[in-house]
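Have the viewer open while you read.

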Amino acid sequence: MTDAANNVASGFRAGRDVASEPRTGRLPSVGTDPVIELIDLYKTYRVGTELVHALRGTSLRIHENEYAAIMGASGSGKSTMLNILGCLDVPTSGIYRLRGQDVSRLSQTKLARIRGRQIGFIFQSFELLGRTTALKNVELPLAYTRTRHRRQRALEALKRVNLLDRAHHRPNQLSGGQKQRVAIARALAQQPDIILADEPTGNLDSTTGKEIMDILDSLQAEGQTIIVVTHEDEIARRCGRTIRLKDGQIVLDTGNGDGHPRRDEGGTDAIGEAATP
Amino acid sequence: MKALRALVNALLFIPDRVASLAGNVVTALVQIWSNKIRSLLTVLGIIIAVTSIISVVSMVEGFGNYVTSFLRGLGTNMMVVYPERVRGPMGEYLRPAEMTIEDIQAVDRYATAVRRTSPVIFTRATIEYGRQQLIGIDLRGTNEFFQPIRNFYVDAGRFFGAVDVDAGGPVCVLGREVLRKLECDESVVGDFVHIDSQRFRVIGLLQSKGSFMGDNQDEMIVIPWTSALKMYPYRRNYLAFYVEAMNEEKIPDAEGQLVRILRQRHGIKKGDPPDFGIFKQDEILKEFHTTRVIATSVLAGIVSISLLVGGIGIMNVMLVSVTERTREIGLRKSVGAHRRDILSQFLTEAVVLSTVGGGIGIALGYAICYIAAMHPNMVEINVPIWSVALALGFSAGVGIFFGIIPAFKAAIIHPIDALRHE
Ligand SMILES: Nc1ncnc2c1ncn2[C@@H]1O[C@H](COP(=O)(O)OP(=O)(O)OP(=O)(O)O)[C@@H](O)[C@H]1O
Ligand SMILES: [Mg+2]
């Protein structure tokens with residue numbers, strides 16, 4: 001990140017806070033109120049006659065401005081958890097509170113509303129609409145939430161990820177890293193409470209992956225709450241907190257859930273070893 | 001108060017709704033354009049349906065206007081009565097049908113609903129002028145009432161009057177087409193022509209009326225019926241006549257009266273068939289109406305089958321489109337699209353697709369009418385605006401009807417399943 005980009009970034013953040021407060025009527029979170037609270041969450045899939053327990057009694061708190069990595073072997077339930085956090089899916093049982101509101105039993109309509117206003121999702125395979133420009137892609141969520149000044153907000157978001165010069169390019173004219181930056185801009189434009197990223201660097205080479213993570217780092221530095229699902233220790237190390245899943249249960253959590261991110265405690269180096277049998 | 005608030009809110013939302021609808025339409029057009037061939041094949045049924053609506057309706061309408069204006073040109077309260085032996089074996093035993101000037105005078109005198117009559121002799125004649133000779137031109141021998149009864153006036157020179165008729169003099173009035181074929185201009189008025197070798201003075205020229213069903217009304221010679229009788233004396237007992245009723249409502253009365261008078265004079269017993277025929281405008285109208293009903297029901301058949309085919313095509317292609325774009329639907333939902341947003345997106349696409357088909361059909365329909373109108377014997381064709389509206393309405397309706405199932409299917413897709421879709 002260059003200084004200039006950071007300046008642009010902070011300008012953008014400032015705009016965000018002013019705009020978001022009257023919209024939601026929420027007070028900025030203070031003290032120990034978690035943004036996310038999972039209590040004894042279960043998710044069970046039925047495949048034929050068999051039951052697959054993807055999540056088995058998970059409890060978790062994520063606070064404002066936390067930067068958490070979810071790790072674990074393939075099939076351990078990471079995506080399942082993230083999808084529930086992103087209100088794309090509902091738990092079989094248990095409680096999920098988002099900003100104090102129980103969203104685990106909401107209707108599809110209400111969930112759609114939350115997805116549009118409070119959640120920014122970043123996918124491994126970018127998920128951009130191929131036939132429209134980067135700018136239109138970034139505007140998409142704003143159209144669904146019927147937000148005003150969409151173009152302006154979308155342009156600001158693209159500026160934030162340094163892609164203003166590619167605003168009118170289509171996804172097939174962009175590199176993988178640029179596509180993922182458009183996807184980040186799309187999430188940013190929503191001015192969400194949390195950004196959820198499911199293996200955001202999974203389809204990228206390591207250099208480009210680093211660029212993407214740099215952007216996420218800087219967003220977190222500006223106050224954004226971010227949860228990243230990843231397989232890579234190096235990425236997890238950037239995050240202040242690591243949550244390790246195994247067979248649908250949390251087996252390790254370096255955060256204490258008290259609302260104080262441990263970004264500066266330097267304990268992250270041990271996580272890799274601690275979790276490896 | 002609450003209602004007012006709701007109303008204000010709803011009104012405030014309108015620009016947003018319009019904007020999102022416009023957005024949907026743009027998305028749909030992009031989608032259609034990127035699958036040009038597929039879209040075209042899909043809407044073929046709609047195109048056929050709309051093309052047939054436009055062209056058939058316009059032509060039927062064109063003929064309708066033509067017939068109506070022709071009948072108006074005939075004079076709206078006019079009938080033609082002519083001697084006619086009843087058809088078939090029964091007629092063979094009856095004496096030949098006759099109609100004399102006394103019959104006509106009796107009708108004129110005793111039928112109170114009749115304003116006036118005009119005897120008429122129909123025949124064909126040869127006319128010569130200078131070096132030109134025309135064979136088989138329609139000739140009418142009639143009286144001075146021909147003009148008002150037939151609503152057919154001279155616009156150069158004069159028509160013959162009662163004096164000419166009484167005298168049975170050699171005067172004639174010519175139609176414009178005769179003039180054209182004789183290769184002369186209006187200066188012929190006052191000059192002489194030969195009709196079936198008799199010298200006639202041209203005293204007037206009839207206004208131009210155009211042709212009807214291939215029958216050119218301007219190709220006509222009109223002379224006093226008394227003069228015609230001199231040339232064709234055997235026609236004396238086989239006269240026909242025009243009847244003008246007092247007004248349009250009196251036509252049935254006039255008909256009843258003249259039928260009674262003629263039957264009595266001809267000594268036709270009760271129940272026996274008459275020895276004369278009556279030609280009325282509503283007969284033409286009836287005939288035309290039958291044609292119109294047939295054309296309309298054939299049209300309805302074509303239209304409903306091709307709309308059905310088109311509708312199923314649209315449903316099919318929309319179902320394919322929904323499956324193809326499952327991931328897109330998943331993404332849209334994950335960034336906040338409600339079910340109704342997805343529903344209206346796909347419904348809009350179906351409607352835009354079918355309306356585009358309708359638009360192409362309208363263009364083709366216009367083209368067909370344009371080409372048909374180039375034929376010299378064709379009536380004037382105008383595409384009625386209501387048929388365009390009807391066609392557009394039909395195609396949009398088909399889009400909604402057959403698009404609703406695919407759109408609904410898209411709307412209820414679970415976001416997770418959609419994002420997992422390969
Ligand atoms: N729709 C589904 N139907 C049935 N089983 C499912 C479904 N989705 C997930 N599962 C199962 O739930 C478990 C957890 O899946 P999940 O996708 O959360 O794993 P993951 O940790 O994200 O793995 P990966 O690292 O490979 O992405 C797996 O055993 C998977 O087979
Ligand atoms: Mg996963």
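This is a predicted model: local features need pLDDT of at least 70, side-chain atom pairs count only at pLDDT 80 or more; totals for chains, interfaces and linings use all residues.

Residues are numbered from 1 along each chain as its sequence is written, chains are lettered from A and ligands numbered from 1 in the order in which they are written, and side-chain values use heavy atoms, with hydrogens and water left out.

## Empty spaces

Rolling a probe the size of a water molecule over the atoms shows where empty space is left. The search runs on a 1 Å grid over the protein atoms alone: a cavity is a set of points where a 1.4 Å probe fits but cannot get out, a pocket is an open set with protein on both sides within 12 Å along at least five of seven lines, and lining residues have an atom within 4 Å of a point. Grid points are joined across faces, edges and corners, and a volume is the space filled by probe spheres set on the points.

The table sorts lining residues by class: Ala, Val, Leu, Ile, Met, Phe, Trp, Tyr, Cys and Pro count as nonpolar, Asp, Glu, Lys and Arg as charged, and the others, Gly among them, as polar.

| Space | Volume | Lining by class |
|---|---|---|
| Largest pocket | about 1,100 Å³ | eleven nonpolar, eleven polar, 15 charged residues |
| Second largest pocket | about 620 Å³ | eight nonpolar, eleven polar, eight charged residues |
| Largest cavity | about 80 Å³ | four nonpolar, four polar, two charged residues |

Start with the largest pocket. It has 37 lining residues, and A:L129, A:L140, A:Y144, B:T27 and B:R332 lie nearest its centre. Helix α4 (134-144) of chain A and helices α1, α12 (326-334) and α13 of chain B each supply at least two lining residues. Which helix gives the most to this lining? That's α1(B), with twelve residues. Helices here are DSSP runs (H or I, at least four residues), as are strands (E, at least two), numbered from the N terminus.

About 620 Å³ of space lies in the second largest pocket. Its lining has 27 residues, and A:S79, A:N83, A:Q124, A:D198 and B:R420 are the closest to its centre. Two or more lining residues come from each of β2 (50-63) and α2 (78-85) of chain A and α15 (415-420) of chain B. The top contributor is α2(A), with four residues.

Lining the largest cavity are B:Q31, B:I32, B:N35, B:R38, B:S39, B:V317, B:M318, B:S321, B:E349 and B:L353. The elements giving two or more of these residues are α1 (2-34), α2 (36-42), α11 (281-324) and α13 (339-373) of chain B. The largest share, three residues, belongs to α11(B).

## Helix pairs

Axes are lines fitted to C-alpha atoms, for helices over the stretch in contact, and angles run from 0 to 180 degrees between N-to-C directions. Angles under 35 degrees count as roughly parallel, over 145 as roughly antiparallel, 65 to 115 as roughly perpendicular and the rest as oblique. Contact means heavy atoms within 4.5 Å.

In chain A, helix α5 (residues 150-160) packs against helix α6 (residues 176-189) at an angle of about 130°, with axes 8 Å apart. That makes α5(A) oblique to α6(A). Here A:R153, A:A157, A:L158 and A:R160 of α5(A) meet A:A185, A:L188 and A:A189 of α6(A). This contact has five nonpolar, no polar and two charged residues.

The axes of α4(A) and α6(A) come within 8 Å and cross at roughly 30°, so α4(A) and α6(A) are roughly parallel to each other. On the α4(A) side, A:A134, A:N137, A:V138, A:P141 and A:L142 meet A:V182, A:A185, A:R186 and A:A189 of α6(A). By class that is seven nonpolar, one polar and one charged.

Over in chain B, α12(B) and α13(B) pack at about 140°, with their axes 10 Å apart. That makes α12(B) oblique to α13(B). The contact joins B:E328, B:I329, B:R332 and B:K333 of α12(B) to B:R339, B:I342, B:Q345 and B:F346 of α13(B).
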